[in-house]
Amino acid sequence: MQIDRHVHAIKVPFSILTPQGFVDRFVYVYLIYGTHGVCLIDTGVAAAAESIFNYLRSMDRKVSDISLIIQTHAHPDHIGASRTIKGETGCAVAAHPAERAWIENVQLQARERPVPDFDTLVAGSLAVNRLLEDNEVFDLGCGLKLNVLYTPGHSRGSLSILLLGYNVLFSGDAIPVPGELPIYEDVLASVASIKKLKAVKDIRFLLSSWDEPRKGTAAYERMDAGLEYLQRVHDAVKRCSQQSSDPDPQKLSECVLQDLGLPPGLANPLVARTFAAHLSVRDQKVII
């Protein structure tokens, strides 16, 4: 799907096995066409490599045109096909320093942040060639410049990328989607990151990894909705934890999910980590 003159989107469907069975998910991968090649913003799950290659061929581009992968963060549905694509093209891979270890050693990530079907979702480890820092700007050619924005919260090294001049913002998983399973490590950092993105003026397109593309004012409305969802989760955690100073993670997760209108059976260690981030600041009534 073409978003802009230089920007294309590929929606990658995949499934995650839960105790209730398979849950259908999707993740977006984005391509930026520059004079020095094609830049990928994330690569989706392992099986996405062929979809990316086929899309390029359908647009009269070559697979070998891929010259750079920017990883918004290191989670499986974002780095899954990176090893395959790097092996096929020899492209460079760029990420924040805090994400490097989990990209270069995916089994370390599997141990420290286990998710169902990890080995199916990720093709393998790969070297990171370039470390990206907040406010860094680099040239893709053809007048295309990318501004790196450090937006932690979902993960320690999460990045968002602004295509300068075209005002296309790639936000990775920085903005939670209301009604979806909330996954992040630091809620206050998430709040700060969304507010940082809201401060970007005149966004034409907001391109999230786990939400449909948003245009113009809808981009800012989606950020406001993300903030409101964080507050809603916070309120639910406060209600569900008020009887205990140290609540059982599983029971807390089930209670909060039910409060949010989500199936309690979706409770898992990643969700528990999300709600634990609220426990550490539950004395705060308002977090946004």
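**Pocket, sheets and salt bridges of the predicted model**

The largest pocket has a volume of about 730 Å³. Pockets were located on a 1 Å grid over the protein atoms alone, a pocket being an open set of points with protein on both sides within 12 Å along at least five of seven lines, whereas a cavity is a set of points where a 1.4 Å probe fits but cannot get out. Grid points are joined across faces, edges and corners, and the volume is the space filled by probe spheres set on the points. The structure is a predicted model, in which local features need pLDDT of at least 70 and side-chain atom pairs count only at pLDDT 80 or more, while totals for chains, interfaces and linings use all residues. Residues are numbered from 1 along each chain as its sequence is written, and side-chain values use heavy atoms, with hydrogens and water left out.

The lining of the largest pocket comprises 34 residues, and Ile16, Arg25, Leu181, Ile183 and Asn268 lie nearest its centre; lining residues have an atom within 4 Å of a point. Two or more lining residues are given by each of β1 (7–18), β2 (21–34), α2 (76–79) and α10 (269–279). Helices (H or I, at least four residues) and strands (E, at least two) are DSSP runs numbered from the N terminus. By class, the lining holds 20 nonpolar, eight polar and six charged residues, where Ala, Val, Leu, Ile, Met, Phe, Trp, Tyr, Cys and Pro count as nonpolar, Asp, Glu, Lys and Arg as charged, and the others, Gly among them, as polar.

Helix α10 also contains Thr274, which is buried at a relative accessible area of 0%. The C-alpha atoms of Thr274 and Val168 are 29 Å apart in space, and the two residues are 106 residues apart in sequence.

Val168 stands opposite Phe205 in β11. Strand β10 (residues 168–172) pairs with β11 in the parallel sense over four bridges; two strands pair if DSSP finds at least two bridges between them.

In helix α1, the buried residues are Ala48, Ala49, Ile52, Phe53, Tyr55 and Leu56. Viewed down the axis of α1, these residues fall within an arc of 160°, so they line one face of the helix; the arc is that of the directions from the helix axis to the C-beta atoms. Just after α1, Asp60 adopts a positive phi of about 60°. Asp42, in the loop between β3 (37–41) and α1 (48–58), has a positive phi of about 65° although it is not a glycine, and is buried with a relative accessible area of 1%. Asp117, in the loop between α5 (106–112) and α6 (118–121), likewise has a positive phi, near 60°, but is partly exposed at 31% relative accessible area.

The structure holds 13 salt bridges, each defined as a side-chain nitrogen of Lys or Arg within 4 Å of a carboxyl oxygen of Asp or Glu. One of them joins Asp4 and Arg204 (3.0 Å, N to O). Asp4 lies in the segment before β1 and Arg204 in the loop between α7 (187–198) and β11 (205–208), so this pair ties together parts that are 200 residues apart in sequence. Asp4 is buried at 9% relative accessibility, whereas Arg204 is partly exposed at 35%. A salt bridge also connects Arg61 and Asp65 (3.0 Å, N to O); Arg61 is partly exposed, with a relative accessible area of 23%, and Asp65 counts as buried at 19%. The side chains of Arg130 and Glu136 meet at 2.9 Å, N to O, in a further salt bridge, with Arg130 partly exposed at 34% relative accessible area.

Conventions:
Buried means under 20% relative accessible area, exposed over 50%, partly exposed in between (1.4 Å probe, protein chains only).
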